[in-house]
Amino acid sequence: MPAPLRYAVALAAGLALAGPASASPRVMSLDSCADQYVVALSPREAIVGVSARADDPDSYMHAQAKGLPIRRATTETVLSLKPDVVVRYWGGDARIGEALDRRGIKVVRIEDATDFATVRANVRGVAAALGQQPRGEALIADMDARLARSKDAWGGRKALYLTPSGYTSGGGTLMDAMLRAAGLTNLVSGAAWEPIPLETLVRDTPAAFVLGFFKDVSTAMTRWGPGRHQALRKRLEGRTVASLPGSMIGCPAWFIGEGVETIAEAAR
């Protein structure tokens, strides 16, 4: 079954068990990552606002977010809309959580994740706040099924994760957990995030790469990075195990399971 169809089936299973929209709290999300959770878990009628990036191409739930009201992530905007629940990852200023809490608005924070257990906790936390636990469990079940299918797919082969800006991801990161879940051994075990010089990549080219955000290489942040250099591009040919889009890995959420499965499927 194709990956998008499997996700639709999982979500439909959760929808069948979900409570009525009329009983759901009014909710607003403050940033792109929070958008994914709110759009996936809340009935559409209960969403009073999403961020300006909710329907961007690098948003995993961009198709489902189209048409939802876009709001600014300010304390004043939130108070004027009077949601029952606000979901945030990094959105809003540093004091917004405290300001909303004083006014009785529940704020649910999505935590940074270095493992799948934290992702499950994030999903369960938002789902519980929205009264949509069955939907949350369906998303977790979908992620766990993908992880189970992907286990040991690469049999321990070594690979390097690389972004267009030349950064890699070492131990203690969610990307490291994703590589290991697909049966790869991360070539970098040191610092969580560190740059690798272009000269090193060209001179001592690893045998296998997992790329991240290369499909978003036109963005301003990566325009002048080593990922656009022809010498590196030539060496990536035939060595790239998988190239994961930002929509799949830019947020610690259930769809990283699809990222793991994408890496694993390249081994078959």
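Trainee: Arg203: buried or exposed?

Mentor: Arg203 is exposed, with a relative accessible area of 58%. Buried means under 20%, exposed over 50%, and partly exposed in between, using a 1.4 Å probe and protein chains only.

Trainee: What should I know about the model before I go on?

Mentor: It is a predicted model: local features need pLDDT of at least 70, side-chain atom pairs count only at pLDDT 80 or more, and totals for chains, interfaces and linings use all residues. Residues are numbered from 1 along each chain as its sequence is written, and side-chain values use heavy atoms, with hydrogens and water left out.

Trainee: Back to Arg203. Which residue does Arg203 form a salt bridge with?

Mentor: Asp204. Their closest N and O atoms are 3.2 Å apart. A salt bridge here is a side-chain nitrogen of Lys or Arg within 4 Å of a carboxyl oxygen of Asp or Glu. Asp204 is partly exposed, at 48%.

Trainee: Which residues do shared partners join into one network?

Mentor: Asp142, Arg146, Arg149 and Glu261. Salt bridges that share partners tie them together.

Trainee: How many salt bridges does the whole structure have?

Mentor: The search finds 10. One of them pairs Arg124 with Glu137, N to O 2.7 Å. That pair links distant parts of the chain: Arg124 sits in helix H6 (residues 116-129) and Glu137 in helix H7 (residues 133-150), 13 residues apart. Helices (H or I, at least four residues) and strands (E, at least two) are DSSP runs, numbered from the N terminus.

Trainee: How exposed is Arg124?

Mentor: Arg124 is partly exposed, at 40%. Glu137 is partly exposed too, at 35%.

Trainee: New topic. How many disulfides are there?

Mentor: The whole structure has 1. A disulfide is a pair of cysteine sulfur atoms within 2.5 Å. Here Cys33 is joined to Cys251, S to S 1.9 Å.

Trainee: Where do Cys33 and Cys251 sit?

Mentor: In distant parts of the chain, 218 residues apart. Cys33 is in helix H2 (residues 32-41). Cys251 is in the loop between helix H11 (246-249) and helix H12 (256-265).

Trainee: Which hand does the link of Cys33 and Cys251 have?

Mentor: Right-handed, with 60° about the S-S bond.

Trainee: Cys33: buried or exposed?

Mentor: Cys33 is buried, at 3%. Cys251 is buried as well, at 6%.

Trainee: How many residues of H2 are buried?

Mentor: 10 of its 10 residues. They include Asp35, Tyr37 and Leu41.
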